[in-house]
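Please look through the following chain with its model at hand.

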Amino acid sequence: MRAALTWRDKAEQCIYDLAFKPDGTQLIIAAGNRLLVYDTSDGTLIQPLKGHKDTVYCVAYAKDGKRFASGSADKSVIIWTSKLEGILKYTHNDSIQCVSYNPLTHQLASCSSSDFGLWSPEQKSVSKHKTSSKITCCSWTNDGQYLALGMFNGIVSIRNKNGEEKVKIERTGGASSPIWSICWNPSSRWENFWSRAGEQEESVHSYLEEIPVLKSRPGSRQYSQTEGEDHEEEETSMDFNLDERNDILAVADWGQKLSFYQLSGKQVGKDRMLNFDPCCVSYFTKGEYILLGGSDKQVSLFTKDGVRLGTIGEQSSWVWTCKVKPDSNYVAVGCQDGTISFYQLIFSTVHGLYKDRYAYRDSMTDVIVQHLITEQKVRIKGRELVKKIAIYKNRLAIQMPEKILIYELYSDDSSDMYYRVKEKIVKKFECNLLVVCSDHIILCQVCCLSFSGIKEREWLMESLIRYIKVIGGPPGREGLLVGLKNGQILKIFVDNVFAIVLLKQSTAVRCLDMSASRNKLAVVDENDTCLVYDIHTKELLFQEPNANSVAWNTQCEDMLCFSGGGYLNIKASNFPVHQQKLQGFVVGYNGSKIFCLHVFSMSAVEVPQSAPMYQYLERKMFKEAYQIACLGVTDTDWKELAMEALEGLEFETAKKVKQLFTYLAENLFFQMWRFHILFVFYLKCLGFRSGP
């Protein structure tokens with residue numbers, strides 16, 4: 001994850017609060033005794049709004065986008081229309097600390113130092129309720145049935161729509177840990193969880209669809225201590241009463257803690273220590289991430305469970321408010337010195353692929369391993385940010401901020417999806433690429449480590465590494481294919497200190513792959529050109545434009561595919577390219593299946609091989625056409641191949657086709673005969689006769 005600053009502005013006064021218009025087009029800023037309305041697309045100040053006589057502490061927009069409200073130290077609340085016109089004003093006896101609109105009924109809650117009020121357009125007056133302590137923050141549940149109030153004395157009071165207290169959460173620390181910000185998780189995942197609970201009884205085999213949490217088997221070493229705690233806490237957090245509601249409240253206090261509570265007042269998990277005074281907490285629209293800002297002069301991104309993932313933007317003063325633009329990855333930040341910053345968060349794809357196994361990061365802390373053929377999935381839960389992933393044969397490496405975990409499969413079964421921890425390297429590494437082999441970890445720029453973390457060798461490159469992959473070999477002696485920014489392509493063996501230069505081209509390498517027999521090399525360069533070389537002679541065999549990635553067919557030496565410009569291109573030998581529409585990047589090609597990555601999703605695309613087969617037939621290359629047909633063509637294509645081979649006097653190929661069809665026919669007859677016998681036996685068991 002990285003944050004890109006989109007625009008920034010500077011007001012003369014402290015920014016205590018901000019609110020987005022629900023459609024995301026406008027940003028309302030509380031600055032001094034004014035409201036500033038910005039265009040979120042470019043940071044243009046649309047209009048300043050005057051109406052308050054003292055500092056504006058809070059602002060909130062109604063979910064329907066028709067009006068917004070502001071509260072001030074002048075003890076007044078002003079209701080504004082979406083046309084930026086003030087239409088109503090009411091007062092409290094003390095300065096207004098926070099305001100919040102009910103997400104469904106649009107009832108407005110306004111909280112002061114001594115009471116809170118509830119108002120809706122159909123009411124003639126504001127319903128006010130006294131409190132025992134100063135209210136610092138408030139938040140409605142997703143269905144608008146309950147309002148949570150955060151108090152200066154460290155108490156959370158949960159009220160119904162009429163203002164009656166239903167739950168009182170007295171927290172450790174009390175008045176020494178005043179609550180400064182609270183927010184309900186907007187996600188509906190808890191309701192989804194319980195709606196699926198009944199379905200699991202009907203679908204015993206829902207295991208693969210639901211992406212199971214990886215559970216350790218007896219005697220396994222699957223979990224480190226941290227991971228074990230994860231699993232235990234997950235079971236605890238799911239231990240709800242079915243009659244109980246499923247809302248989760250995030251609470252940030254000046255005891256420097258972040259905590260989570262159910263609506264019943266029961267705490268979920270343990271307190272998260274922050275090491276700074278939090279001034280604001282808010283969720284992403286779908287509830288998957290949390291934003292926190294405060295005395296540490298920065299905005300930090302956390303998981304929904306409170307695991308810190310990274311810094312969004314460092315500021316020069318305290319951060320008093322930060323919110324996410326609705327249904328987007330844009331974040332607005334307001335600071336003590338009047339700075340208003342608008343960031344775009346960019347979440348990169350962290351993944352690894354080896355043949356038909358694809359591992360990718362999910363929710364920033366988990367890893368999901370997917371079998372692309374069987375569609376089986378398994379989740380490995382974590383409690384830290386996943387920075388890099390590498391997968392090779394039965395090995396899986398996951399890099400976290402302070403360690404690398406190496407997993408292995410339980411068995412050599414090709415369908416096995418259960419991993420256990422093999423080794424742990426507790427050390428911080430700064431690298432752009434990570435590769436795992438049978439017995440080693442490769443970090444770039446290129447350093448070879450054993451699984452115990454000992455550096456065994458290092459290679460010095462002339463330029464930055466742009467691409468690296470394992471191309472196989474005996475355990476402990478695997479080969480690596482490396483592409484550099486200066487156009488150089490090398491082969492490295494993990495047990496040899498000397499790198500072998502395969503060739504050097506004038507353009508930077510973006511992607512590369514080697515054919516199954518190691519005789520040909522395909523390279524995609526920075527000009528989006530796919531170039532294919534003979535490795536031994538260094539001769540350029542052919543080149544094709546509009547390519548962003550390339551992969552050789554692992555079962556056919558002379559066939560490759562490349563993607564680019566919204567098309568999948570399949571090329572056999574030196575024949576013309578066959579095209580079909582496809583979005584994404586090609587990352588693998590095995591038989592008739594092409595593995596394609598589109599945004600964050602990996603899929604296996606079944607591609608008929610008829611076109612390249614007929615290209616070989618036209619040139620009377622019957623043996624090659626037969627090899628292509630074996631990858632997957634229609635019955636009509638097989639018959640055409642047999643007839644063409646007979647006419648071309650290629651009897652060996654025609655005989656193979658005939659034998660294949662004979663086998664299939666006999667196998668079909670055997671299956672039908674077997675079914676008949678079983679059916680007759682079944683009838684006899686029921687007391688029927690098989691004949692007259």
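K538 lies in the loop between strand 47 (530-534) and strand 48 (540-544), where helices (H or I, at least four residues) and strands (E, at least two) are DSSP runs numbered from the N terminus. The model is a predicted one, in which local features need pLDDT of at least 70 and side-chain atom pairs count only at pLDDT 80 or more, while totals for chains, interfaces and linings use all residues. Residues are numbered from 1 along each chain as its sequence is written, and side-chain values use heavy atoms, with hydrogens and water left out.

- Most residues other than glycine have a negative phi.
- K538, although not a glycine, has a positive phi of about 65°, and with a relative accessible area of 42% it is partly exposed (buried means under 20% relative accessible area, exposed over 50%, and partly exposed in between, with a 1.4 Å probe and protein chains only).
- N546, in the loop between strand 48 and strand 49 (549-552), also is a residue other than glycine with a positive phi, near 60°, and its relative accessible area of 54% makes N546 exposed.

**Overall fold**

- The protein chain has 8 helices and 55 strands, and buried residues make up 52% of its 692 residues.
- Among contacts (heavy atoms within 4.5 Å) between residues at least 6 apart in sequence, 43% join residues at least 24 apart.
- Across residues 49-80 the chain is 59% strand and 0% helix, with the end C-alpha atoms 10 Å apart.

**Cavity**

- There is 1 cavity of 30 Å³ or more, a cavity being a set of points, on a 1 Å grid over the protein atoms alone, where a 1.4 Å probe fits but cannot get out, with lining residues having an atom within 4 Å of a point.
- The largest cavity holds about 40 Å³ of space, the volume being the space filled by probe spheres set on the points, which are joined across faces, edges and corners.
- Its lining consists of K520, V532, F542, W552, D558, M559, L560, K571 and S573.

**Two further residues**

- K427, in the loop between strand 36 (419-425) and strand 37 (434-436), touches E402 and K403 when residues up to four places away in sequence are not counted.
- K427 and K403 are 24 residues apart in sequence, yet their C-alpha atoms are 4.9 Å apart in space; K427 counts as partly exposed because its relative accessibility is 47%.
- S610, in helix 5 (residues 610-618), counts as buried because its relative accessibility is 18%, and, leaving out residues up to four places away in sequence, S610 touches V633 and D637.

Technical notes
1 Å grid on protein atoms, 1.4 Å probe; cavity = no way out; pocket = protein on both sides within 12 Å on 5 of 7 lines; lining within 4 Å.
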